[in-house]
Amino acid sequence: MKLDTATKSESSKIQNEIISSIGELINLKNLEPGDKLPSERTLSEKFGVSRGVVREAIQKLELYGLLISRPQSGTFVANIGVTAMNGMIEDILRLEDQDFKALVETRILLELKTVRLASMRRTKVDLENMKSALVAYENKVTHGEDAVQEDLLFHLAIAKASGNATINTFMLMITPEIITNFEKHHVCGKSRALQGIEEHEAIYKAIEQQNPQLAKQKMKDHFSELYHYCYNI
């Protein structure tokens, strides 16, 4: 079945099958960190799907830190042990609807800590990355375009600015799945996008001013609908 004619459920199922197949291929060929995967074209022919399906599966594994794509070079196994990689792939494939609320709750706890650390440790480069993502988000929203990726990049820029590699890794693992499922689970209304511009700006300014308490409060304000979703408050 072609991806463009498949339902979201069918597309997700196909993508998960390819993710599982890539994991099996890594095990079968005993690929180690730094080893190169076959090209998208080769994988699409091997698995009998379009290159687009393979690309989406690779991008998802890359977001979770399991693969690394280098322009003009290809896709490589990230610096992680095979056992850990297999476990993470299993977790990705096991993620079901009933787990979504737990992921949202985890994100709240992580980001409240992350934004405090970012406000204390941010560098000039961190601020530039956050500002770039913030501006990109605003441009998309004001033009009525989907800004999920830009929202994601803003929050990931904050995580990176925290200076805590472990927290940053956790955020890379859970944030993409959460943000891309907001509409599916009716967490945030579409009117929230415009309000999100002001909230992102307030978070950015608090981090720029290196005010941990204000940054935490502004993130709480930004998460108002998430609090309602998780705790009915």
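Predicted model: local features only at pLDDT ≥ 70, side-chain atom pairs only at ≥ 80, totals over all residues.
Q: Why are α7 and α9 called roughly parallel to each other?
A: Helix α7 covers residues 148–161 and helix α9 covers residues 192–208, and they pack at an angle of about 20 degrees. Angles under 35 degrees count as roughly parallel, and therefore α7 and α9 are roughly parallel to each other. Their axes are 12 Å apart.

Q: Which residues make the contact of α7 and α9?
A: From α7 come Asp151, Phe154, His155 and Ile158. The residues on the α9 side are His200, Ile203, Tyr204 and Ile207. Sorted by class, this contact has five nonpolar, two polar and one charged residues.

Q: How do you know that His222 is buried?
A: Its relative accessible area is 11%. Buried means under 20%, so His222 is buried. You can find His222 in helix α10.

Q: What does His222 touch, leaving out residues up to four places away in sequence?
A: It touches His155, Arg192, Gly196, Glu199, His200 and Ile203.

Q: Why are α5 and α11 called oblique to each other?
A: Helix α5 (residues 100–121) and helix α11 (residues 224–231) cross at roughly 135 degrees. An angle over 145 would count as roughly antiparallel, and the perpendicular range runs from 65 to 115. The value of roughly 135 degrees falls between these ranges, and α5 and α11 are therefore oblique to each other. Their axes come within 10 Å, and the crossing is left-handed.

Q: Which residues of α5 and α11 meet?
A: In α5 they are Phe100, Lys101, Val104, Glu105, Arg107, Ile108 and Leu112. Their partners in α11 are Leu226, Tyr227, Tyr229, Cys230 and Tyr231. By class, this contact of α5 with α11 has nine nonpolar, no polar and three charged residues.

Q: What makes Leu103 count as buried?
A: Leu103, another residue of helix α5, has 15% relative accessibility. The cut-off for buried is under 20%, so Leu103 counts as buried. The C-alpha atoms of Leu103 and Ile178 are separated by 7.0 Å, although these residues are 75 residues apart along the chain.

Q: Why are α2 and α3 called roughly perpendicular to each other?
A: Helix α2 (residues 40–47) and helix α3 (residues 51–63) pack at an angle of about 110 degrees. Angles from 65 to 115 degrees count as roughly perpendicular, and α2 and α3 are therefore roughly perpendicular to each other. Their axes are 8 Å apart, and α2 passes α3 in a right-handed crossing.

Q: Which residues of α2 and α3 meet?
A: Glu40, Arg41, Leu43 and Ser44 in α2 meet Arg51, Val54, Arg55 and Ile58 in α3. This contact divides into three nonpolar, one polar and four charged residues.

Q: How do you know that Gln72 is exposed?
A: Its relative accessibility is 84%. Exposed means over 50%, so Gln72 counts as exposed. Look for Gln72 in the loop between β1 (67–70) and β2 (74–77). Gln72 also has a positive phi of about 70 degrees, although it is not a glycine.

Q: Why is Gln210 called partly exposed?
A: The relative accessible area of Gln210 is 40%. Buried means under 20% and exposed over 50%, so with a value in between, Gln210 is partly exposed. Gln210 sits in the loop between α9 and α10 (212–222). Its phi is near 55 degrees, a positive value in a residue other than glycine.

Q: How many helices and strands does the chain have?
A: There are 11 helices and two strands. From the N terminus on, the elements run α-α-α-β-β-α-α-α-α-α-α-α-α.

Q: What share of the 233 residues in the chain is buried?
A: Buried residues make up 42% of them. The chain exposes about 12900 Å², and carbon and sulfur atoms supply 50% of that area.

Terms used. Residues numbered from 1 in each chain as written. Heavy atoms only, no water. Axes fitted to C-alpha atoms, helices over the stretch in contact; angles between N-to-C directions. Helix = DSSP H or I, 4+ residues; strand = E, 2+ residues; numbered from the N terminus. Contact = heavy atoms within 4.5 Å. Nonpolar A, V, L, I, M, F, W, Y, C, P; charged D, E, K, R; others polar. Buried < 20%, exposed > 50% of the residue type's maximum accessible area, 1.4 Å probe, protein only. Areas by Shrake-Rupley, 256 points an atom, 1.4 Å probe, with all protein chains shown as cover. Left-handed = near helix turned anticlockwise from the far one by under 90°.
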